[in-house]
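Have a look at the model first, then read on.

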Amino acid sequence: MLYEPYWQAAAVLAAYALLCWACLRKPTGIAHPAAGASEILIGYASQGGEGQALAEALSGALAHQGAVQVLPLNAVDETCLVQHKIALFVVSTYGEGEPPDSGLKFSHRWLRSSSEKLSHLHYAVLALGDKTYQHYCGFGVAVDSALANHGGQRMFPATQIDRLSEADLDLWQQRLQQAGLLQVDDHSLVKTAPEQRHGLVLSSRRHLNSGSPGGALYHLQFKLPEAEIIHWQAGDIAVLHLPKSATGESAQRKYSIASLSSSGQLDLLVRLVNKDDGGYGLGSGFLCQQLTPGSRAEFCLQTNAAFHGPTENLLIEDAADVTQSPSMILIGNGSGLAGLRAHLLQAIENRSGGHWLVFGERTKKYDSVFAGQLEGWQQQGVLAELDRAFSRDGGELRYVQDVLQQKSQQLLQWVNAGAFIFVCGSQQRMAPAVHRVLVDVLGEDRVEQLILQGRYRRDIY
């Protein structure tokens, strides 16, 4: 993520792609934009930050063209598009083909309408996605088609990027050069800083749910080096840089941070992934099985602005709708407790109380992780409500969505009083089920309003 003081891995990959001049192939079918455009628009839609990072890196690379304006897609309206002759869009896909929160309003404006004409606009789309999902780059492809349907002049086909693939980024680089937007021989275009890696020492690792019918969950603590100033906010992400494999390939894995930098340590909650062949997941196997206390692991810190606390990036037009210290409704399952725990620690540091945690796991006997700490926070008033659902114990309230449905009136009252909703955990079942309950209780329009206001924030995987 291109945020001070740290940069995302995505920015580095963008820089790498821009520097690989000697390897370029010459793609065909490139339409050159109209000459004389005084400003280039770069619009981005990003949930976890990669799209914004690439958009800002691209802005630096295009500075030689003149003024460059970088905006989230929600801020790109008809007036904005009319004022530009060239526009580049860096668009992530969220879930199964859905727009990220920062692209929701754009989706309503352009994907659902057909009145505006953009025949003056030369544009190109960089679509970020993951081929393991059914609707690969679905939102990026939809944006590309919508702009064309409104009369926009496509400079070249939408470039689809699979998990920040260097080869795919090279193709984007090549196409921009062929369109005349990048100069092949100008090495001063790239003004990005390298990502900052930190070698952190594992000080402890604790198995939290021994005996559980589910996968093993570990609490890992890494000591921060005294010689470095390392800072992050609640909601941010640690990117693990795994050692190179026997084939020379490198890999990264992302984890929600479960602590604050003021504690002097970086905490992670990691679920050990068991593969069908008897092995372990690449990242979880390294952290939970291979790495020994006293050994070092390399991390960089990634800002996750879409999951920052209630006062960060607040988009509410009427500030009277929310108190100075709004309550949080924190919803999650499994290792998703990590991101929620960081927000509660931040609340304690800010002397803020009266929050509501709804957390799901498998069994009460074996999976009541951090039970003493959470109950202590409830006694202190940090948590006004603490609800835990256990899916393997039977009963009516097996999942977090069941708790929310049963307490729908309380949920409505909290939201009406200005509460923020934070969801962290599984994208496969939990997060979509929670979203359906929110729509059922609050209504689809109200939920979309909360997203646009920045009061409904998600860190799901």
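Strands β14 and β15 (residues 383-390) run parallel and pair over seven bridges, where pairing takes at least two DSSP bridges between the strands. Helices (H or I, at least four residues) and strands (E, at least two) are DSSP runs, numbered from the N terminus. Keep in mind that this is a predicted model: local features need pLDDT of at least 70, side-chain atom pairs count only at pLDDT 80 or more, and totals for chains, interfaces and linings use all residues. Residues are numbered from 1 along each chain as its sequence is written, and side-chain values use heavy atoms, with hydrogens and water left out.

**Around β14**
- Leu-357 has Leu-386 in β15 as its bridge partner.
- With β13 (residues 328-333), β14 also runs parallel, this time through five bridges, and Ile-331 sits opposite Val-358 of β14.
- Seven of the seven residues of β14 (residues 355-361) are buried, so the strand is largely enclosed by the rest of the structure. Buried is under 20% relative accessible area, exposed is over 50%, and partly exposed is in between (1.4 Å probe, protein chains only).
- In a regular strand, side chains alternate between the two faces of the sheet. On one side of β14 you'll find His-355, Leu-357, Phe-359 and Glu-361, on the other Trp-356, Val-358 and Gly-360, and all are buried.

**The six-stranded sheet**
- This open sheet has the strand order β10-β9-β12-β7-β8-β11, with antiparallel pairing.
- Its edge strands, β10 (251-256) and β11 (265-271), each pair on one side only.
- Ignoring direction, neighbouring strands of the sheet are turned by 40 degrees against each other on average. Axes are lines fitted to C-alpha atoms, for helices over the stretch in contact, and angles run from 0 to 180 degrees between N-to-C directions.
- Six bridges link β7 (residues 198-207) and β8 (residues 217-223), which run antiparallel, and Val-201 is opposite Lys-223 in β8.
- α8 packs on this sheet and touches β8, β10 and β11, and its direction makes about 150 degrees with that of β11. Contact takes heavy atoms within 4.5 Å.

**α8 with α10**
- α8 (residues 337-349) and α10 (residues 371-380) pack at about 40 degrees, with their axes 12 Å apart.
- From α8, Arg-341, Leu-344, Leu-345 and Ile-348 meet Gln-373, Leu-374 and Trp-377 of α10.
- By class, this contact has five nonpolar, one polar and one charged residues. Ala, Val, Leu, Ile, Met, Phe, Trp, Tyr, Cys and Pro count as nonpolar, Asp, Glu, Lys and Arg as charged, and the others, Gly among them, as polar.

**α13 with α14**
- The axes of α13 (residues 430-442) and α14 (residues 444-453) come within 6 Å and cross at roughly 115 degrees.
- His-435, Leu-438, Val-439 and Leu-442 of α13 meet Glu-444, Arg-446, Val-447 and Leu-450 of α14.
- That contact has five nonpolar, one polar and two charged residues.
- In α14, the buried residues are Val-447, Glu-448, Leu-450, Ile-451 and Gln-453.
- Gly-454 follows α14, and its phi is positive, near 85 degrees.
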